[in-house]
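Dear colleague,

Please find the structure below for your review. My notes on it follow directly after.

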Amino acid sequence: MTAVAASIEQVRSRIATAAQAAGRNPAEVRLLLAVKRVESTRIREALAAGATLIGQNRAQELVSTEPDLDDVPHETHFIGHLQSNKVNQVMRWADCVQSIDSAKIAQRLDRAAATRGRDLDVFVQVNTSGEETKAGVPPESAGELAAVVGSLEHLRLRGLMTIGANSPDPGEVRASYTALAQARDAVVGSGEPGTSEAHELSMGMSGDLELAIAAGATMVRVGTGVFGAR
Ligand SMILES: *Cc1c(COP(=O)(O)O)cnc(C)c1O
């Protein structure tokens, strides 16, 4: 077994333990491998070891690694800040964009999807910690943006995404994940067109995935825990 395969197995067992502790079915929590700064050969190793879902932060890396992975079945999500001038590249290579943080970028993606003759899965990114360095809309604006996204013909709103509080205090981290779950409940219950299927909660990383799963994560994004520090 490769080192990457062994690490994936360890992370899967953490996910299973955390899900069971929370009274949840481990199958409800998907593992997304955050592959920033990982060479294509190691990404291929991870996919060969049974990973199916990867996430890229930067359009440039997405464009340079995806062609190398074309022959391996997998799903790729864009999880970084998306600039307007990168929309077409992302549309070409990503299956889903998790980082929608403005109506403007949503509208651009919708038009690009229409041009390509496809639909695109998306998440709205929420800044649940209030940290200035973090992208995303404040929780109180999530409903408004979700309604805009839901109204766009070629975008399919799947759920919400957040980067948890950067804090040594587990209580603060937990609070940011609980806030995302509450925002999701409000979106799904809003009755706005295109929002009723937005059940996903993409939250939790290598250091805190247990807290995220306890708060209802349906997808955890793990980089360091599988590929080491980069
Ligand atoms: C890098 C990254 C992760 C993974 O973080 P690790 O601490 O390396 O597990 C998750 N989400 C996003 C948006 C990232 O950029």
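A pocket here is an open set of points on a 1 Å grid over the protein atoms alone, where a 1.4 Å probe fits, with protein on both sides within 12 Å along at least five of seven lines; lining residues have an atom within 4 Å of a point. Grid points are joined across faces, edges and corners, and a volume is the space filled by probe spheres set on the points.

The model is predicted: local features need pLDDT of at least 70 and side-chain atom pairs pLDDT 80 or more, while totals for chains, interfaces and linings use all residues. Residues are numbered from 1 along each chain as its sequence is written, and side-chain values use heavy atoms, without hydrogens and water.

The largest pocket has a volume of about 350 Å³. Its lining comprises 20 residues, with K36, N57, I79, I163 and M205 nearest the centre.

K36 lies in the loop between β1 (30–34) and α2 (40–48), helices (H or I, at least four residues) and strands (E, at least two) being DSSP runs numbered from the N terminus. K36 is partly exposed because its relative accessible area is 26%, where buried means under 20%, exposed over 50% and partly exposed in between (1.4 Å probe, protein chains only). The unreviewed UniProt entry places "modified residue: N6-(pyridoxal phosphate)lysine" at K36; such annotations, given in the numbering used here with shortened feature names, may be inferred rather than shown by experiment.

R37 is located in that loop between β1 and α2 as well. R37 is exposed, at 54% relative accessible area, and has a positive phi of about 60° although it is not a glycine.

Kind regards
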